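Please look over the assembly below with some care. The report that follows takes up its contacts between chains, one of its chains, and the confidence of the prediction.

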Amino acid sequence: MTSLAGPVNQVLGEQILAGERSRSRRWRVQFMLAWLVIVAALVAFVLITINLDTQFIAKWLPFILTGVPVTIFVSFASITLAVILAVLGALGRLSVNPYVNGLASFYVSFFRGTPLLLQIVFIYFALPQMGLVLPEIPTGIIALGFNYGAYMTEVFRSGIQAVPHGQTEAALSLGMSGGTTFRRIIVPQAFRIVTPAIGNDFIAMLKDSSLVSVISVHELLYQAQVAGRPNHKSMQTLLIAAMVYWILTIAFSFFQARLERRQAVGDRSRRPGSG
Amino acid sequence: MHRLASRAALLPALVLVLAACTGGATPAPSVAASAAATAPSSAPSAAPSVAPSIDPNSLLGKIVAAGKIRISTDPNYKPFSFQNPDGTYDGFDNATAVEAVKRLGTAVGKPIQIEWMTPSWDLITAGGWSGRWDISIGSMSVTIGRAKVVDFVDPYYYDSGAVAVPKDSTVQSLSELNGGKTFCVGAATTYEQWLTGTLEIVDPDKLPAPTDPQVTSLPTDNECVQAVQSGRKFDAIVANANGLADQVKDGLPIRVLSGPPIFTVSVAFALDKSGPDDKSLIEVLNGIVNDMHSDGTLTTLSNKYLQKDVTMKPGG
Amino acid sequence: MNGQGIVHEIHPVELPGPLVPAGAEPIVRATKIEKYFGRNHVLRGCSMTVYPRETITILGRSGSGKSTFLRCLNFLEEPSAGRVEIDDTAVEARPLGDRPRAERERIRKLRTDAGMVFQEFNLFPHLSVIGNLVEAPVHVKHVARPAATELAESYLEKVGLIDKRNEYPSRLSGGQRQRVAIARALTMEPKVLLFDEPTSALDPSLVGEVLKVMESLAHEGRTMIVVTHEMQFAREAADRIYYMHEGQFVEIGPHTQVIDDPQDPRTREFLARFLGPSRSRQAAATPQDEAVAPPPAVGPGPV
């Protein structure tokens, strides 16, 4: 306390801090530079190789963009359905009831074990056979929701299992019922664990939603193809679609990062406990 | 042809029955005159409306009840089917469909709306539509295989296949493409079937496919042309002769091989065999299509979109 | 259905402690608790009687079964046989088959009457300190949130952490976390507090603050059952000490007997290892003991 904490050390501390700051600033600049260079190269490549027809693009852009709300709606609705199914599925997979567990594990096995495109077509034609004629968009949402729900069931299950058993014991020892424990203690913690995975799945969903175009849903990629093919300019219209998908993904990633940061409040366990 | 003839022969009878049942004043299509070559029909040209006699459980009955017909099309096939920037459907197939449905509305005494559906082409040709759409008016070639799962209306035009090669290719004739050459075709098309030897059509002049073809199937014919344009190497593309001609006109780097068509096939509206009873609808549509042949409507549309008349049976 | 064939017998040394009101009935009766883990017989007929306002300490080597016994008291562990009665709520072991709904509700009642403090704290990380405290009163006892908050604050005051009211558990030290856990148990106003090695996971420098809170609770007459290795706490706070060896209470009595003058050779052996050879009468430790030595974190207790 006496001999070590002299003014010299204080100066050294300031120098170390300043060094760290400038290093991290430099790192950020270099990081941005890497992006900039790649994007510039990409743009240059596109301009050189694909003879961009601005007149054509201006004429068809509104047509292509009509697919954007469809893509967004289908993706949001499907991920919502998937989350609901995943919660139910995870509950089922954790259930001690053999029938419930059997049903849930069959669901996961079937929908993970067969191709999504096949499921979309199958549900499209199978539902009317059962007397349920839903329009194309709801049909697509059901197919995507069930498929992603199966994958997310396993994510949710592992999320629930990742909550330490001590949490359940603490809740039970306070007299909480199994249901209250699950709702109030386990789910909020499990949800935080799986949020990054849900975000990841949603980004994948944005793009997999293009598969429902086979059943006459006019989403972004479909619109781009219909605009491009008959005019022999598929590359240009697909490029537009790619940019839109990319922008959507970046926008969503941004919101997801904010959500995760907010959730992280109170979970900074790396801070050593003292004082 | 045999089927076609028998269907056409039924027509006058149907019209007479319908006429007897109704007394409406709405003009009906003149389901008559020189429809099919084999159909000696001579129905009255001012037949009254047919509406009230329709079985409500039949496909026609359902369409009339809904006031709407769901037509599947694939707007990736310019000039037969494509979309305009404002989203409207255009092309030879779609214009034909619009006119046919207009006449259908007149026949049943109730305007019928069109709802366009765009499922994948392979889903359309596979049949078993589960009532998702009512009819395919989208350049479906009549093949024996397809006739097992769908019912065809009388042909509205005749299609022929052609082979195109890259512009810089030295190939001049089909025989030079034997022995393991690479081909690009649209998936689930008759051209793919021709190449792979699974095409079953009634055409005595069908040419034999090249031997040992290495086939690449892309989602539509159009991808093949664009693939060549972008520098992919295929020895040849097999596609619809009219479509290829259109693409040559658009300046794409391909050349169509001269010579007779590789095969010629009738093209017709198709209805799902596993769907509701479609006999009455087919009878009415046969009449309408034959009318559109005889009054020159189809020829006009063909000239407008294809700059030539494809509605006459070759050699027939 | 209670008590059929299982009769609770009070051990001759289980006499009410000095703080127990005259004529008070026992508040905890654990009767002939048996527990198997598979074929492993870990509890062999353990009985215990606790009167209101008493503090009980259970000593024993790691793996002797003392934590399992404590967890059987609130059915976090299902006993294989026996019966637990806490403040007139009695539940019998039902190792096979499902419990009827009414019995599950009784277990819940039993748990609300028995607050538990865990070795690993088990605070809810997604809730603030105050949130941890009010969660159960609001959602189990349906206390209005303002009332529950007021109660919670009074207990936070008691454990000296009112200034951490809005912190999240991850921002607290181990000692603070355990004190919050104690306050959380207290906010349910249980009839008895169960402590499962509450200081074993703590940095030695943080043990003191937790023991201090526990001692003050003992002195104000909270009924407590404490599984611990802290000899000092047992000596100063416990009315009675139960020494457990291989699933049985082999010696029961006040600290003057069990710690200072153990009668059972197994107790003597344990204390000899624990307190050092100088304090022991028979310093012989068998090789078997080596395998189950007390955790190093505890060290040679603060005697």
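## Where chain B meets chain A

The contact between these two chains takes 25 residues from chain B and 21 residues from chain A, two residues being in contact if their C-beta atoms, placed from the backbone, lie within 7 Å. On the side of chain B that touches chain A, β3 (81–83) and α6 (221–229) each supply at least two residues, and α6(B) gives the most, with four residues. Here helices (H or I, at least four residues) and strands (E, at least two) are DSSP runs, numbered from the N terminus.

By class, this side of chain B divides into eight nonpolar, 14 polar and three charged residues. In this scheme Ala, Val, Leu, Ile, Met, Phe, Trp, Tyr, Cys and Pro count as nonpolar, Asp, Glu, Lys and Arg as charged, and the others, Gly among them, as polar.

## Basis of the model

This is a predicted model, in which local features need pLDDT of at least 70 and side-chain atom pairs count only at pLDDT 80 or more, while totals for chains, interfaces and linings use all residues. Residues are numbered from 1 along each chain as its sequence is written, and chains are lettered from A and ligands numbered from 1 in the order in which they are written.

## Where chain C meets chain A

The contact of chain C with chain A takes 24 residues from chain C and 25 residues from chain A. On the chain C side, α2 (101–113) and α3 (129–139) each supply at least two residues, and the classes there are ten nonpolar, nine polar and five charged residues.

## The form of chain A

Chain A has ten helices and zero strands. Its radius of gyration, taken over C-alpha atoms, is 25 Å, well over the 19 Å that the globule rule (2.2 Å times the number of residues to the power 0.38) gives for 275 residues, so chain A is more spread out than a compact globule. Along its principal axes the C-alpha trace of chain A spans about 85 × 60 × 25 Å.

Among contacts in chain A between residues at least 6 apart in sequence, 76% join residues at least 24 apart.

## Confidence

The model scores ipTM 0.87 and pTM 0.75.

Where pLDDT is low, the predicted coordinates should not be read in detail.
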